[in-house]
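This briefing is meant for a reader who is meeting the structure for the first time.

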Amino acid sequence: MNLWLARRFYDTVFWTGCLTFGIGWSLRIFGRHRVPRRGPVLVIANHQSFFDPWIVGMAVPRYLTYLARRTLFHNPYFSTLIRALNAVPVDQEGIGKEGLQAMLEVLGKGHAVLVFPEGERTPHGRMLPLQPGISLLIKRVKAPIVPIGVAGAFDAW
């Protein structure tokens, strides 16, 4: 998919989410102005539900690149969808070296990257232990790190 078309798709998903979550679940976003508008930025968020990438994407005022577990790319239709939304596959076993390298490359190009450091959705609504690769990424990244807390998505799902 070419970049222009991918960006229009991303924008469509963004505005659909704003309407859906704003009207259906009274979504509230605070601190959006704290995310740098230009240059590399690493966004780190907790992972409560399937809604989280969408919700965090609405909270950040720029296009995000997402780290997504490799198994999500097995279905060709879903793979096409999430690739169009800037998802990059990462192996959940070990430190996910190729995924981390991909994120460092994306950050090196001045883009914003979203990582869920728990590596998976929580089954109970509370934070899970962080994956070992996230500390390596944080140590190597030369960009602002913006933590985002998602609250209520576990119950909404």
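## Overall layout

Read from the N terminus on, the elements of the protein follow the order α-β-α-β-α-β-α-β-α-β-α, and the model described here is a predicted one. There are six helices and five strands in the protein, and buried residues make up 41% of its 157 residues. Among contacts between residues at least 6 apart in sequence, 70% join residues at least 24 apart.

**The sheet and what lies across it**

- The five strands form an open sheet, in which the order is β3-β2-β4-β1-β5 and the pairing is parallel.
- The edge strands of this sheet are β3 and β5, each of which pairs on one side only, and neighbouring strands are turned against each other by 25° on average, with direction ignored.
- Four bridges join β2 and β3, which pair in the parallel sense, and Leu67 stands opposite Val88 of β3.
- Strand β3 also holds Pro89, which is buried, with a relative accessible area of 17%.
- Although Pro89 and Ala68 are 21 residues apart in sequence, the distance between them in space is 5.1 Å, taken from C-alpha to C-alpha.
- Helix α5, made of residues 132-140, lies across β1, β4 and β5, and it runs at about 150° to β1.

**The nonpolar cores**

- In soluble globular proteins, nonpolar side chains tend to be buried together.
- The largest nonpolar core has 20 residues, and those that touch the most other members are Val43, Val56, Val60, Leu64, Leu114 and Ile148.
- Two or more residues of this core come from each of the elements β1 (41-45), β2 (64-69), β4 (112-115) and β5 (145-148).
- Which residues is Val43 in contact with, leaving aside its neighbours within four places in sequence? They are Val56, Val60, Leu64, Val113, Leu114, Val115, Val146 and Ile148.
- There is also a second, separate core of 15 residues, which includes Met103, Val113, Leu137 and Ala143.

- Is Ser79 buried or exposed? With a relative accessibility of 8%, Ser79 counts as buried, because the cut-off for a buried residue is under 20%.
- When neighbours within four places in sequence are left aside, Ser79 is in contact with Leu72 and Phe73.
- The buried residues of α3 are Ser79, Ile82 and Ala84, and what covers them includes helix α1 (3-24) and strand β3 (87-90).
- At the start of α3, a side-chain oxygen of Asn75 comes to within 2.8 Å of the backbone nitrogen of Tyr77, while just after the helix Asn86 takes a positive phi of about 75°.

**Aromatic rings**

- A pair of aromatic rings is described by the distance of the centres and the angle of the planes.
- A search of the whole structure finds four aromatic pairs, one of which is formed by Tyr10 and Tyr63, whose ring centres are 5.0 Å apart and whose planes stand at 70°, so that this pair is edge-to-face.
- This pair links distant parts of the chain, since Tyr10 belongs to helix α1 and Tyr63 to the loop between α2 (52-59) and β2, and the two residues are 53 residues apart.
- Tyr10 counts as buried at 6% relative accessibility, whereas Tyr63 is partly exposed, with a relative accessible area of 26%.
- Phe14 and Trp15 form an edge-to-face pair, with 4.8 Å from centre to centre and 85° between the planes.
- In that pair, Phe14 counts as buried at 15% relative accessibility, while Trp15 counts as exposed at 56%.
- One aromatic cluster is formed by Phe21, Phe51 and Trp54.

Notes:
Residues are numbered from 1 along each chain as its sequence is written. This is a predicted model: local features need pLDDT of at least 70, side-chain atom pairs count only at pLDDT 80 or more; totals for chains, interfaces and linings use all residues. Side-chain values use heavy atoms; hydrogens and water are left out. A nonpolar core is a set of buried Ala, Val, Leu, Ile, Met, Phe, Trp, Tyr and Cys residues joined through side-chain atoms within 4.5 Å. Buried means under 20% relative accessible area, exposed over 50%, partly exposed in between (1.4 Å probe, protein chains only). Contact means heavy atoms within 4.5 Å. A polar contact is a pair of N or O atoms within 3.5 Å; within protein, one must be able to donate a hydrogen and the other to accept it, and residues adjacent in sequence count only if both atoms are side-chain atoms. Two strands pair if DSSP finds at least two bridges between them. Axes are lines fitted to C-alpha atoms, for helices over the stretch in contact, and angles run from 0 to 180 degrees between N-to-C directions. Rings of Phe, Tyr and Trp (its six-membered ring) pair if their centres lie within 6.5 Å; planes under 30 degrees apart count as stacked, over 60 as edge-to-face and the rest as tilted.
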